[in-house]
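Hi,

Here is the structure I promised to pass on.

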Amino acid sequence: MIDPKLKVLQMVDRYGGVTAAAEAMRYTPSAVSYQLRQLAEQLGVKLIEPAGRGIQLTAAARTLLRHTALLQAQWEQARSELAATAGEPSGPFTLCGFSTAATYLLPPAAATLRDRHPRLGVRLVEAEPARCFELLLAEEADLGLVVVTPDSPPLNDDRFDQQPLLDDPLDLIVQADHPLTARKRVTLADAAREPWILGTPGSTYHQLVVTSCMAAGFTPDMAHQADEWDTGQAMVAQGFGVILVPRLARISTEWPVTRIRLSGEPAPARRILAATRKGAARHPVIAQALELLRATAGELLPAGHR
């Protein structure tokens with residue numbers, strides 16, 4: 001119901017240029033430029049202008065984006081109210097989330113929804129937080145589980161509803177005979193001089209670890225790189241460094257490593273949010289999914305273990 005050209009403008013704004021927006025939307029740059037020109041002609045305003053080697057949005061485009069967000073929120077609210085009066089839910093319903101959520105949180109909720117509503121086409125997508133927000137904007141996902149990072153949209157972003165779901169503590173993984181295993185109380189700062197094993201720079205995991213370490217008063221020495229928990233554990237077991245893992249993540253018994261729960265204020269943790277398009281949180285199926293996710297989170301990580 002919302003003019004697709006307005007969504008194109010939103011994506012150009014999000015990605016900062018026509019080419020990047022086209023790639024994210026699986027369009028050609030010429031198709032994106034054509035839709036922007038059409039929209040500008042329909043409204044009789046200029047939407048983009050040159051800026052160095054790229055482009056920037058005009059004041060008129062910013063005004064249009066603000067009203068587009070309001071229109072979309074109203075449309076999502078209308079869909080939610082209509083769905084509440086309809087019969088058995090049907091059609092596609094997509095849940096997306098980062099790796100741990102896609103492993104431990106989303107599948108139980110998705111399975112329950114599938115069993116409750118046989119006509120509902122439930123689909124799961126594993127995606128980094130930034131990609132989850134893109135899928136929501138493109139209406140290719142209905143609900144996403146994301147970790148808060150420095151790149152996350154602010155909570156007052158008028159395109160999304162973001163609800164806290166879970167605070168997942170980060171635990172320190174060291175060799176089984178590491179001196180820190182003998183202490184009764186360990187803080188993140190106690191590992192400040194250790195060599196660290198981090199994820200790929202720019203990834204959610206890398207941002208999470210660096211931000212946590214900086215909050216504890218130090219910058220981690222990135223000695224090695226690993227994106228998978230098993231890979232990181234194998235490196236720790238051979239004495240190459242230490243890693244942080246979320247409490248939701250399982251640790252393999254294959255490697256001689258020890259998991260240490262950290263003390264101190266603030267104890268490192270990652271905040272997990274449930275995100276939907278603005279106005280969609282009251283949709284009956286989304287509301288059920290949120291209820292199921294909260295229940296699963298409470299079973300996996302009771303309040304006393306957070």
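Predicted model: local features only at pLDDT ≥ 70, side-chain atom pairs only at ≥ 80, totals over all residues.

Let's start with two helices: H1 passes H4 in a left-handed crossing (the near helix is turned anticlockwise from the far one by less than a right angle). H1 (residues 4-15) and H4 (residues 59-85) pack at about 120°, with axes 10 Å apart (axes are lines fitted to C-alpha atoms over the stretch in contact, and angles run from 0 to 180 degrees between N-to-C directions). Helices here are DSSP runs of H or I, at least four residues, and strands are runs of E, at least two, numbered from the N terminus.

Residues are numbered from 1 along each chain as its sequence is written, and side-chain values use heavy atoms, without hydrogens and water.

Next, H8 (residues 229-237): Trp229, Gly232, Gln233, Val236 and Ala237 are its buried residues (under 20% relative accessible area, 1.4 Å probe, protein chains only). They fall within an arc of 140° seen down the axis, so they line one face of H8 (the arc is that of the directions from the helix axis to the C-beta atoms). Helix H5 (99-116) and strand S6 (160-175) are among the elements covering them. Just after H8, glycine 239 has a positive phi of about 80°.

Cheers

How values were computed: Buried < 20%, exposed > 50% of the residue type's maximum accessible area, 1.4 Å probe, protein only. Contact = heavy atoms within 4.5 Å.
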